[in-house]
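Please open the structure in your viewer and get ready to select residues by number.

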Amino acid sequence: MERLTKEQIQFLPMYDGLSHDNIIVVTQASDAISAIVELKKHAILGFDTESKPCYKKGEISDGPHLIQLSTKTKAFLFPTKFFENFTEIEDILSDSTIKKVGFGLKEDKKMIFRKFGIKLENTVELSSKVMHFSQVTQRVGARAAVAMFFNQRLSKGAQRSNWSVFPLKDHQKMYAANDAHSALLIELEIEKHNSNL
């Protein structure tokens, strides 16, 4: 499997991820209960977080400002300013029987522990897993992996936006959901290939 260049990726069609109807922003306790019940049904979830970017030297982020968990058909976005309404998310994040897959999880783990005291368990760092699977030597992020596996382009337009401001804009919701969703689909593709060997 070949790693595409940035120039090659920019000409690919956009990632065909989830529709807006299947992206749920969880702010109320009642929504959180049904979201967590749904997420607990799955053995593997796509996972990511977003934080407001830091532009000043020495500035430490007070993120994460958003936690994303995705199944194959739905993404649940949890803005952490409403954390008191969904503290049960810890039941998923610290559950060693539910696998959380994503890119750049080392920093996510640190930030979640620092902010909420939650220890993220059973995580799979896809960056190194994709490198090993595709036998490339250069580091692979979400955008490169989506191009390699699906021949599509993951939008990174909202990456540096202010994730601490609520409500989220539509392009932020789509970006956040697709980051977690694409991670899950990549993990499932690798698993499918490995089980066929």
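Start by selecting Gln135, which sits in the loop between α5 (126-134) and α6. Keep in mind as you look around that this is a predicted model. Check the backbone here: phi of Gln135 is near 55°, a positive value in a residue that is not glycine. Is Gln135 buried or exposed? Gln135 counts as exposed, because its relative accessibility is 73% and the cut-off for exposed is over 50%.

Next, select Asn122. You will find Asn122 in the loop between α4 (105-116) and β6 (123-125). Asn122 is not a glycine either, yet its phi is positive, at about 55°. The surface view tells you something else: Asn122 has a relative accessible area of 30%, so it is described as partly exposed.

Now turn to peptide bonds. Select Phe166 and Pro167 together and look at the link between them. What kind of peptide bond joins Phe166 and Pro167? The bond is cis, with omega about 5°.

For the last stop, select Gly63 and Pro64. Here, too, the two residues are joined by a cis peptide bond, and omega is about 5°. Where is Pro64 found? Look in the loop between β2 (44-50) and β3 (66-70).

How values were computed. Residues are numbered from 1 along each chain as its sequence is written. This is a predicted model: local features need pLDDT of at least 70, side-chain atom pairs count only at pLDDT 80 or more; totals for chains, interfaces and linings use all residues. Side-chain values use heavy atoms; hydrogens and water are left out. Helices (H or I, at least four residues) and strands (E, at least two) are DSSP runs, numbered from the N terminus. Buried means under 20% relative accessible area, exposed over 50%, partly exposed in between (1.4 Å probe, protein chains only).
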